[in-house]
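Please keep the sequence and the model in view while reading.

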Amino acid sequence: MTGTLQSADFKNPLLAGRRAISLVVAASENNAIGKNNELLWNLPNDLKFFKNTTWGFPVIMGRKTYESVNKPLPGRTNIVVTTKAGWHSEGAITVATIEEGITKAAETNSKQIFIIGGGEIYKQSMELADSIYITRVHAALDGDTFFPVIDASKWKLTSNEDFPVDDKHAYSYSFQIWEKIMVN
Ligand SMILES: NC(=O)c1ccc[n+]([C@@H]2O[C@H](COP(=O)([O-])OP(=O)(O)OC[C@H]3O[C@@H](n4cnc5c(N)ncnc54)[C@H](OP(=O)(O)O)[C@@H]3O)[C@@H](O)[C@H]2O)c1
């Protein structure tokens, strides 16, 4: 694709009458998102951003991500994807596939659905998603779980806000939004 992208070049699922699906993630420069089933940093502003962005909406996550938090996220419909028949946690909806999770999320009548990780779920959801809310943590870190590379021929950066290191944040970081480029 060449030339300047126009707004019509982006999918607008809301105009198309369907749910918007967004991934929300925090990833280092080398796309690390976790290690030993934990996050790699403590960035309070990112946690606030995550809470504010997803509050009131359905959130879909892998069983390992759910168990790393080990309780439902308040104020959101928690949907957990697992192959384990009979897996159950109070306050969460269990589904057997990501697609079933999206169906359950759509049943809440929410216009927006968030997919919140982890690595396995992001990898399988890139094709489904309309946008990516990524907190880019400006460091190369040692992880065991990764976010897929964002292919700039398929995704367009539409928003970027930079924040410096401060006494509560050991790394500088940027809140970015990427939107999928519509291919006609
Ligand atoms: N930085 C961030 O923004 C962020 C966000 C979320 C998570 N994380 C980190 O990511 C790591 C966890 O990610 P992960 O990749 O190990 O695990 P995950 O994606 O959270 O969960 C993987 C599990 O989800 C289930 N699953 C995956 N695909 C499925 C499918 N197609 N159908 C049915 N079930 C499916 C399986 O559960 P069963 O084994 O039960 O079948 C699988 O073991 C942790 O370190 C966490 O801290 C980071």
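Helices (DSSP runs of H or I, at least four residues) and strands (DSSP runs of E, at least two residues) are numbered here from the N terminus. Residues are numbered from 1 along each chain as its sequence is written. The model is a predicted one, in which local features need pLDDT of at least 70 and side-chain atom pairs count only at pLDDT 80 or more, whereas totals for chains, interfaces and linings use all residues.

By these rules Ala106 belongs to helix α3, which covers residues 98-106. Burial is judged by counting other C-beta atoms, placed from the backbone, within 10 Å of a residue's own: 20 or more make the residue buried, 12 or fewer make it exposed, and the values in between make it partly exposed. Ala106 counts as partly exposed because it has 15 C-beta neighbours inside 10 Å.

For the chain as a whole, the secondary structure comes to four helices and ten strands, and their order along the sequence is β-β-α-β-α-β-β-α-β-α-β-β-β-β. Of the 184 residues in the protein chain, 31% count as buried. Two residues are taken to be in contact if their C-beta atoms, placed from the backbone, lie within 7 Å; among contacts between residues at least 6 apart in sequence, 67% join residues at least 24 apart.

The sheet can be followed strand by strand. Strands of a sheet pair through backbone hydrogen bonds, in either the parallel or the antiparallel sense, and two strands are counted as paired here if DSSP finds at least two bridges between them. Eight strands form an open sheet with mixed pairing, in the order β5-β4-β3-β6-β1-β7-β10-β9. Because β5 (92-95) and β9 (155-163) stand at the edges with a single partner strand each, one side of each is left without a neighbour in the sheet. From one strand to the next, the twist averages 20°.

Within this sheet, strand β7 (residues 131-137) is largely enclosed by the rest of the structure, because seven of its seven residues are buried. Both of its faces are covered, with Ser131, Tyr133, Thr135 and Val137 buried on one side and Ile132, Ile134 and Arg136 buried on the other. β7 pairs with β1 in the parallel sense over seven bridges, and Arg136 of β7 is the bridge partner of Ala27. Seven bridges also join β7 to β10 (residues 173-180), but here the strands run antiparallel; in β10, Tyr173 stands opposite Val137 and Gln176 stands opposite Ile134.

Helices lie across these strands. Angles run from 0 to 180 degrees between N-to-C directions, with axes fitted as lines to C-alpha atoms, for helices over the stretch in contact. Helix α1 (residues 44-54) lies across β1, β3, β6 (112-115), β7, β9 and β10, running at about 175° to β1. Helix α3 lies across β1, β3, β4 (77-81), β5 and β6, at about 165° to β4.

Of the 28 residues around the ligand, Gly34, Gly62, Gly117, Gly118 and Gly119 come nearest. At least two shell residues are supplied by each of β1 (20-28), β2 (32-34), β3 (58-62), α2 (63-69) and α4 (119-125). Gly118 lies in the loop between β6 and α4, and a cis peptide bond with omega of about 0° joins Gly117 and Gly118.

Two further loop positions deserve a look. Asn37, in the loop between β2 and α1, has a positive phi of about 60° although it is not a glycine, and Asn37 counts as exposed because it has 12 C-beta neighbours inside 10 Å. Asn109, in the loop between α3 and β6, likewise has a positive phi, near 70°.

Note on methods
A residue is near a molecule or strand if its C-beta atom, placed from the backbone, lies within 6 Å of it.
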